[in-house]
Amino acid sequence: MDALHRPLLDRSPALLAEGYAWLPNRMRESGGQVVRTRLMGRPALAVRGPDAVRFFYDERHVRRHRAIPEPVRGTLFGHGAVHTLDGDAHRARKALFLPLLHVDRIAGVVEHVTAAWDEAVPSWAARPRVTLFDAASVVLTRGVCRWAGIPLAEEEAEPLARDLVAMVDGFATAGPRHWRARRARGRQEARLARLVRDVRSGAVTAPADSVLARVARHRHPDGEPLEPGTAAVELLNVIRPTVAVCWFVAFSAHALHRWPEHRDRLRAGDAAYAAAFAHEVRRFYPFAPFLGGRAVTDLSWQGERLPAGGLVLLDVYGQNHDEKLWGDPYAFRPQRFLERPVERDELIPQGGGAPDTNHRCPGEGITIGLLEALAVRLARLDHSVPEQDLTISLRRIPARPRSGFVVADVRAPAG
């Protein structure tokens, strides 16, 4: 039997045990930027590096269709989501999201979210302690729903935020977190499908050119409107990743607490430094461990071969901590992004390739814009950090500060 089809030991248990370190550990053992392994019963080829990113996003080599496991589709993305499509179907559906790339749209989301933050801070000051992860999720939910044109009563914000967080928190695990994510998705898909039907019937008026209006009128390439359930999935694929920025808000607070020397430049409103800080938070802290696709033909990469139908894994966490790219990858150093321009396919916390044609997240600009603005607000927020467990376990996917980052003695900034 040749090396291409030789059986390999399934490494799924090691993934569960090692979390984010699983692929970096295999890469280190191999001494290179490629590893042949087996995952979920299928042969897999793990790759890393800017050239590997371009290889991974070339649809002649790798497709996402049927590659995303059902537990991830059933919690994080939703069945029939844009993430699960390829080719013309993917490009047609992605037209829904391309306006998110526009500078004015990004500015609109940031404006709504920062307004929601500023409204919330006085209430934090009235409480003895605030868990920043949870509070930020509610702020982000209020802001993105206002921007997207999705009606949201005041009392609905916290339950919706909990459900959106649950969808992200349960995608890569079994047990209670996973089933909580499925129930949350079911509730919110049903709610938003009803909203789409109401918009189409005229019972609810969607703001002109809002995300809600665009999704409600979007059609498949054959001219048929999106099924209400699919439309609900894609609405969630706008608001869910925006609310997931609460992970990066908690990470930003964690970074400012550990390395307070970054606070003064952020407080001063240094825009270039705020952008560098946002990029470094996204690079340094763990979020997506890797991305997966399906080989459409027999493949070879750097001498390692994979049969058609096997999995291709892009080592996201490993690449964002690759010494060859970053020099001192485990040092939190925003200055690195001011020292040289970083290529598109070097920094890949939200995927690689071109956002208009590949699977790179079209909301990446929104994440960056929100982090730039909220990092400045965090730096300007007077508070204390009580004793708590701020460890971040790399075995937990998605990782987060164990305490959620609790703050006390919040004092709203003057003016």
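Which residues gather in a patch of positive charge on the surface? Before I answer, please keep in mind that this is a predicted model, in which local features need pLDDT of at least 70 and side-chain atom pairs count only at pLDDT 80 or more, while totals for chains, interfaces and linings use all residues. Residues are numbered from 1 along each chain as its sequence is written, and side-chain values use heavy atoms, with hydrogens and water left out.

The patch is formed by Arg194, Arg197, Arg200 and Arg219, where a patch takes residues with over 30% relative accessible area and no salt bridge, like charges being joined within 9 Å.

Let me turn to the aromatic rings, of which the whole structure holds 17 pairs, a pair being rings of Phe, Tyr or Trp (its six-membered ring) with centres within 6.5 Å, stacked if the planes are under 30 degrees apart, edge-to-face if over 60 and tilted for the rest. Trp259 and Phe284 make an edge-to-face pair, because their ring centres lie 5.7 Å apart and their planes stand at 90°. This pair links distant parts of the chain, 25 residues apart, with Trp259 in the loop between helix H12 (245–258) and helix H13 (263–267), and Phe284 in helix H14 (residues 271–284).

Trp259 is buried at 17% relative accessible area, and Phe284 is buried at 13%, buried meaning under 20%, exposed over 50% and partly exposed in between. Phe284 also pairs edge-to-face with Tyr285, the centres being 5.0 Å apart and the planes at 75°, and Tyr285 is buried as well. Ring pairs join these three residues into a cluster whose members include Phe133, Trp247 and Phe332.

Conventions: Patches are made of residues with over 30% relative accessible area and no salt bridge: like charges are joined within 9 Å, nonpolar side chains (Val, Leu, Ile, Met, Phe, Trp, Tyr) within 5 Å. Accessible areas come from the Shrake-Rupley method with a 1.4 Å probe; for residues, only the protein chains shown count as cover. A salt bridge is a side-chain nitrogen of Lys or Arg within 4 Å of a carboxyl oxygen of Asp or Glu. Lys and Arg count as positive and Asp and Glu as negative; His and the chain ends are not counted. The place of a charge is taken as NZ of Lys, CZ of Arg, CG of Asp or CD of Glu. Helices (H or I, at least four residues) and strands (E, at least two) are DSSP runs, numbered from the N terminus. Buried means under 20% relative accessible area, exposed over 50%, partly exposed in between (1.4 Å probe, protein chains only).
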